[in-house]
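This report describes helix packing and nonpolar cores in one protein model. The sequence and structure are shown first.

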Amino acid sequence: MTVVATRRPVPAKKAWAQAALYAILIALALVIVVPLIWMLITSFKTDADAIRSPYSLPDPFSIEAYQTLLSSGQQPIFLWLWNSFAAATLQTVLILVTASMGAYALARLDFPGKKFVFGAIIATLLVPPVVFLIPNYLIVQNFGWLDSIWAITVPGAAGAFGIFFLRQFFLGLPPEIEEAARIDGAGDIRIFVQIVLPLARPALATLAVLSFLGNWNDFLWPVYVLLSPENLTLQPGLNQLQGAYSTHFGIVMAGAVIASVPVLILFGFAQRQIVESVAGSAVKG
């Protein structure tokens, strides 16, 4: 005798809720994807075509913008790319080191004034970043770091968000694991490096991506501290593609496409760790 499993019908109210959720998600996806598609399409247009019909397909299809951008000596796009990559990578490493150590100390160690220190760190998140512009500039100037990679990496290497983010993750780790290692004779440094950090790999990967993107997309601070054209990062460099009286839309969009490629590659490699970090946070919550 075979038993045929019957599928229960989905209640109408639940079906409408799912449909509304999918509609909202599709709308949000379009808000994000449509500008990227428009940017890519415009990069293959001539200036005249981009001005005449900004929302149509390229007519004619042209790679002139990429040829001009990549072959022009006045816009060293590859040098800007390297400067941005080096600065974003260096700052990401510094943030991971400082944030992981500070977060672990606030999550596991006991010392006088611990709550006050954590509250003071969190309070800095409420201060607009532009407030730190002049103090950071004076510090960088006194150290002689103007127009160097240190000017765009060191000032943001100890952010409050990274400490807060990793502290919450460390608090969710079972303390029994560390206690067992301590019974076996492991010290705090060994526990931190060999046990805690490997377990926190998803959170570290998420923070690394966010830190890399923050430095990669930074525009205001590099404009103030980078003075030589050859030392510019990508964002202030691309700003030079816009003239005072005219804008070559195809070249600007081609530069934006080139700037987006490393970010997309980074997310492709790190998306699994990001999903694990978000899923783990959801389970703990």
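## Helix packing and nonpolar cores

H4 and H10 pack with their axes 8 Å apart and at an angle of about 140°; axes are lines fitted to C-alpha atoms over the stretch in contact, and angles run from 0 to 180 degrees between N-to-C directions. H4 is therefore oblique to H10, given that angles under 35 degrees count as roughly parallel, over 145 as roughly antiparallel, 65 to 115 as roughly perpendicular and the rest as oblique. Helices are DSSP runs (H or I, at least four residues), numbered from the N terminus. The model is predicted, with pLDDT of at least 70 required for local features and 80 or more for side-chain atom pairs, while totals for chains, interfaces and linings use all residues. Residues are numbered from 1 along each chain as its sequence is written, and side-chain values use heavy atoms, without hydrogens and water.

Contact means heavy atoms within 4.5 Å. On the H4 side, the contact includes Leu81, Ser84, Phe85 and Ala88, and on the H10 side Leu204, Leu207, Asn215 and Trp216 are among the residues involved. The residues of this contact comprise twelve nonpolar, seven polar and no charged.

Ser84 belongs to helix H4. Ser84 counts as buried because its relative accessibility is 1%, buried being under 20% relative accessible area with a 1.4 Å probe and protein chains only. Beyond its neighbours within four places in sequence, Ser84 touches Asn215, Trp216, Thr233 and Leu234.

H10 also packs against helix H7 (residues 160-171). The two helix pairs are listed below.

| Pair | Angle | Axis distance |
|---|---|---|
| H4 and H10 | about 140° | 8 Å |
| H7 and H10 | about 165° | 10 Å |

The angle for the second pair makes H7 roughly antiparallel to H10. Phe161, Gly162, Phe165, Leu166 and Phe169 of H7 meet Ala203, Leu204, Thr206, Leu207 and Leu210 of H10. Here the division is eight nonpolar, two polar and no charged.

The largest nonpolar core has 31 residues, and Leu69, Ile77, Trp216 and Leu234 have the most contacts inside it. Such a core is a set of buried Ala, Val, Leu, Ile, Met, Phe, Trp, Tyr and Cys residues joined through side-chain atoms within 4.5 Å. Helices supplying at least two of its residues include H3 (64-71), H4 (77-108), H10 (201-216) and H13 (249-284). H13 gives the largest share, eight residues. Another core, of 24 residues, lies apart and includes Ala103, Ala160, Ala200 and Ala203.

Definitions and conventions:
Buried < 20%, exposed > 50% of the residue type's maximum accessible area, 1.4 Å probe, protein only. Nonpolar A, V, L, I, M, F, W, Y, C, P; charged D, E, K, R; others polar.
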